[in-house]
Amino acid sequence: GAVTILLYRKKEGIHTVFIKRVEYDGIHSGQISFPGGMEEPGDISLAATALRETEEEIGVPSGSMSVIGNLTPLHITVSNVEVHPYIAFADHSPRFHHDKSEVQYVIEVPLTGLIGPDCRKREIISAGGFDIDAPYFDINGNHIWGATAMILSEFLEIVSRISR
């Protein structure tokens, strides 16, 4: 599978976007994530998969985005999928039209809102009979955790190194 970290300019600076997945009977139900999904036979690359899925899920035309980099692939154990994160830049501030069958809503965030410590939090969760100290990002009450939080952490580490 592949996901897109979509970057674009708005008046307040560079933004990115997350989606809240719809509720369904599945392991990723209702989670906050980057747009993305599984490779299909017509995809020429995983980067193409990421852009196609972004277009399908939030309505940003794939031709308006340019892949500018990628991050470390991540194996997601619960779904047994290796996710390949791609960073893309849109040539304009997108108008989002989300697919209501897959996406409950879109969350736009300025990068400056992700860099500071205010949105980084921790919570003790119980899983499999164990208590786990789980880090997450809190974006206006939306909890970004798990694989998406790991991908976001790697991305923000790179951004913080560049901006030093």
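1. Rings of Phe, Tyr and Trp (its six-membered ring) pair if their centres lie within 6.5 Å; planes under 30 degrees apart are stacked, over 60 edge-to-face, the rest tilted. Y8 and F96 form an edge-to-face pair, because their ring centres are 5.9 Å apart and their planes stand at 65°. Y8 sits in strand β1 and F96 in the loop between β7 and β8, so the pair ties together parts 88 residues apart in sequence. Helices (H or I, at least four residues) and strands (E, at least two) are DSSP runs, numbered from the N terminus.

2. This is a predicted model: local features need pLDDT of at least 70, side-chain atom pairs 80 or more, while totals for chains, interfaces and linings use all residues. Residues are numbered from 1 along each chain as its sequence is written, and side-chain values use heavy atoms, without hydrogens and water.

3. L156 lies in helix α3. L156 counts as buried (under 20% relative accessible area; exposed is over 50%, partly exposed in between; 1.4 Å probe, protein chains only) because its relative accessibility is 4%. Its contacts (heavy atoms within 4.5 Å) include I115 and F137. L156 and I115 are 41 residues apart in sequence, yet 6.6 Å apart in space, C-alpha to C-alpha.

Terms used: Lists of a residue's contacts leave out its neighbours within four places in sequence.
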